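Student: Hi! Could you walk me through this one with me looking at it on screen?
Tutor: Happy to, let's open it up.
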Amino acid sequence: MVNPAYRLMIGMIVLLSGVGVRSAQAQYAPAMAQPAAQESLYQATAYHGGHKGNLVYEPAPDYYASPDQYASEYYAPDYYGGADNSGSIMQVLPEDRGWGYDHPWDGFFKNLAENSWLRVEYMLVKSPPGNQLVGGDLPSGNDPRQPFAAPDTDGLLTLSSKEADLSSIGRKGTNGIRGTFGIDFERGTLEAIFFGTQSDVSSVSYGQAELMGANFGQTDMISILTSVDGETAFSGRNFNQKFAVNYRSQAWGAESNYVVNTDRLFFKTVYGVGGFQMRPLFGFRYLKIAEDMDIRGSFENLDATPEIPFFETTIQSATNNKLYVPQAGIRMEFIHPWFTISAEPKVGFGVNHYKGSVMTDQFLDSTDPTHFTAISKTSFSPTFEFGVNARFHLNEWFTFNVGYNFLWANQIARPGTIVYYNTSTVSPVSLQAQNSLDSYKLHGLVLGGEIRWP
């Protein structure tokens, strides 16, 4: 009889051998896919350089760059029913270009740059003081610019004299520059303007050739007539050796204006066709006007008793005006694809804070000491400016400009008018600074170009 333990061991060996043979000979059912090779589980994505893919744009702010999104081609094996797309998304982000890019502020500044323009112009302008007298009036009421009989040292009317004026001052003009920066908005244009001029220095003088008498020159003397205690009199100072007036003038200013876009209200303008438009503007102006006048003349009379040796008289006057002016105007333009013609009047009403000073040395005679007087006041000051321009559009980003500009300001202190030509019997001061104001004109040619950001 066989031992039961041996029977049990032989049965286990036979059973295990059968299972091993069945495992080695098993085949997958047709419905089941064979496991793919290990390297075939991860396929390369379809994205590569230059490939656009299917663009999916998500809602984002206007100035954000929308990222491109691509469906992934990764397929995971499904042992329970075939391959299925995982549904994952691969997102390609734009290159990080630093702070301020791909941000709403980036779009804001980009729009500002695209709608900005800059105009730079050369100016050739004049600001003459006008036909102002260097001195007071004659008791006779005649024009002192014309020769008149003047007393000699003995009081006899044996000499001829006349007064100088400033009519020849400032005729040549001076150089200047004007810059305008503008930003166009949907409802209007914001402009900032700056201009400045060089010092305009000019003079009028008389030498020995002009002071040789009516028969050989013009007159025997040049005189500065003065009143006495406010009353017109035949008094003042004579010069028979030489006489000269040096005048200097300079101006600069800044302003900011907002030009309202009224195409929808008045005359609609289509740039591609051309047309006429009127646009109101309003803004603020700062204007500074600085001028000074230097008068030097000499006298000598060795035939007089007692003799009058050579001595030189000096008169210096200077003014400084600072205007703060709100202003309004209208810009009228005829716009054509090739050119634009415009006219722009502006009126302002503001205040002028001005200062003036007068210095004299040896005015009455060689013993008259130096005297200095000054004023400082504030007054109402209106302004008016008118400019006409022709602009030629050479291309989309550059325009050539030529025009004429006229600026007028009233209640301005000027060195020729603040001198009070008066002598006093109670005060040792010969000439003094007075609160006397005049008008100021600055006008001339402008020439330049305008650049718009492409």
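Student: Okay, is Thr314 buried or exposed?
Tutor: Thr314 is buried, because its relative accessible area is 8%, and the cut-off for buried is under 20%. Keep in mind that this is a predicted model.

Student: Where does Thr314 sit, and what does its side chain make a polar contact with?
Tutor: Thr314 belongs to strand 15, residues 308-335. Its side chain makes a polar contact with the side chain of Arg296, at 3.1 Å.

Student: And which residues is Thr314 in contact with, leaving aside neighbours within four places in sequence?
Tutor: Those are Asp294, Ile295, Arg296, Met359, Thr360 and Asp361.

Student: Switching topic: which residues touch the most other members in the largest nonpolar core?
Tutor: That core has 26 residues, and Val134, Ile224, Phe243, Val245 and Ile295 touch the most other members. Strands 10, 11, 13, 14 and 16 each supply at least two of its residues. The largest share, three residues, comes from strand 13.

Student: What does Val245 touch, not counting residues up to four places away?
Tutor: Val245 touches Val134, Leu166, Ile169, Ser202, Ser203, Val204, Met293, Asp294 and Ile295. Apart from that core lies another one, of 14 residues, including Met123 and Ala251.

Key. Residues are numbered from 1 along each chain as its sequence is written. This is a predicted model: local features need pLDDT of at least 70, side-chain atom pairs count only at pLDDT 80 or more; totals for chains, interfaces and linings use all residues. Side-chain values use heavy atoms; hydrogens and water are left out. A nonpolar core is a set of buried Ala, Val, Leu, Ile, Met, Phe, Trp, Tyr and Cys residues joined through side-chain atoms within 4.5 Å. Buried means under 20% relative accessible area, exposed over 50%, partly exposed in between (1.4 Å probe, protein chains only). Helices (H or I, at least four residues) and strands (E, at least two) are DSSP runs, numbered from the N terminus. Contact means heavy atoms within 4.5 Å. A polar contact is a pair of N or O atoms within 3.5 Å; within protein, one must be able to donate a hydrogen and the other to accept it, and residues adjacent in sequence count only if both atoms are side-chain atoms.
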